[in-house]
Structures are given as structure tokens and as C-alpha cells.
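Please read the sequence and the structure shown here side by side.

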Amino acid sequence: NKAGDGAVLAEDALQAQELLAHSMPDAVILDLMMPVRSGFELLENIRWDPRFQNLPVIVVTAMTLNQEEREFIDAFSVACLDKTRTPELIDTLNKLLADN
């Protein structure tokens with residue numbers, strides 16, 4: 001598989017949780033700034049669910065993160081990338097998918 005093959009888009013964190021309730025993706029690309037609920041909350045909910053303990057999550061953001069936010073993301077995701085660096089995101093996702 002290549003990055004983006006079979007990709008499913010969720011408009012917000014609630015829709016993402018609904019999609020995750022019915023499927024097991026190869027990876028999640030998570031924007032921190034979403035309507036309804038933050039990406040931080042979704043990431044925490046993903047990690048609390050035993051089914052998703054090993055699910056790779058790549059966080060993308062344009063936010064400036066404080067130390068506490070950075071530590072949280074580092075603990076619960078495989079990478080945190082600047083939203084504007086698309087090639088790096090695609091390379092990271094392709095590597096994760098190749099490793100699975």
C-alpha cells in the first residue's frame with residue numbers, strides 16, 4: 001500500500017471515533033485542531049482503547065505546542081509533523097505502512 005490508498009476522512013473527532021468503532025485502519029493522521037472535540041482528546045481516547053494500543057498515529061498541526069502538549073503527543077503518537085510539510089508526512093506514512 002501507498003499513503004492515501006483507501007483513505008477515509010473524518011470531518012471531526014466524533015466522526016473519527018465512530019469510524020474507528022467499526023474499522024481498524026493501518027494508521028491515523030490526526031489534526032489537533034478539529035471542530036467539536038480537539039485532536040488531543042481524540043488521541044487520548046484512541047490510546048485508552050485496548051484495540052488501538054499499537055495503532056500508529058501521526059499528529060499534524062500548525063499549532064505552536066507548549067512543553068506539556070509536546071510531551072503528551074510524543075508519548076501517544078509515532079510522529080508530530082508540521083502541517084505544511086506534506087512530503088515529510090507522506091514519507092512517514094509510507095514507512096509505517098511498509099513496516100506493517
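Val28 stands opposite Val57 in strand 2. Strand 1 and strand 2 (residues 57–61) run parallel and are joined by four bridges. Two strands are taken to pair if DSSP finds at least two bridges between them. Helices (H or I, at least four residues) and strands (E, at least two) are DSSP runs, numbered from the N terminus.

This is a predicted model, in which local features need pLDDT of at least 70 and side-chain atom pairs count only at pLDDT 80 or more, while totals for chains, interfaces and linings use all residues. Residues are numbered from 1 along each chain as its sequence is written, and side-chain values use heavy atoms, with hydrogens and water left out.

The three strands form an open sheet with the order 1-2-3 and parallel pairing. Its edge strands are strand 1 (28–31) and strand 3 (79–82), each of which pairs on one side only. On average, neighbouring strands of this sheet are turned by 25 degrees against each other, direction ignored. In general, strands of a sheet pair through backbone hydrogen bonds, either parallel or antiparallel.

Helix 4 lies across strand 1, strand 2 and strand 3, and runs at about 175 degrees to strand 2. Axes here are lines fitted to C-alpha atoms, for helices over the stretch in contact, and angles run from 0 to 180 degrees between N-to-C directions. Ile90 is found in helix 4 (residues 86–99). With a relative accessible area of 40%, Ile90 is partly exposed; buried means under 20%, exposed over 50%, and partly exposed in between (1.4 Å probe, protein chains only).

Asp31 is found in strand 1. Leaving aside neighbours within four places in sequence, Asp31 is in contact (heavy atoms within 4.5 Å) with Gly39, Val60 and Lys83. The table lists polar atom pairs of two side chains. A polar contact is a pair of N or O atoms within 3.5 Å; within protein, one must be able to donate a hydrogen and the other to accept it, and residues adjacent in sequence count only if both atoms are side-chain atoms.

| Side chain | Partner | Distance |
|---|---|---|
| Asp31 | side chain of Lys83 | 2.6 Å |

Val36 lies in the loop between strand 1 and helix 2. Its phi is near 75 degrees, a positive value in a residue other than glycine. Most residues other than glycine have a negative phi. Val36 counts as exposed, at 61% relative accessibility.

Which residues of helix 2 are buried? They are Gly39, Phe40, Leu42, Leu43, Ile46 and Arg47. Seen down the axis of helix 2, these residues fall within an arc of 165 degrees, so they line one face of the helix. The arc is that of the directions from the helix axis to the C-beta atoms. The buried residues of helix 2 pack against helix 1 (13–21), strand 1, strand 2 and helix 3.

Rings of Phe, Tyr and Trp (its six-membered ring) pair if their centres lie within 6.5 Å; planes under 30 degrees apart count as stacked, over 60 as edge-to-face and the rest as tilted. By this rule there are two aromatic pairs. Phe40 and Phe72 form a tilted pair, 6.0 Å centre to centre with 55 degrees between the planes. This pair links Phe40 in helix 2 (residues 39–48) with Phe72 in helix 3 (residues 67–76), 32 residues apart. Both Phe40 and Phe72 are buried. Ring pairs link Phe40, Phe72 and Phe76 into a cluster.
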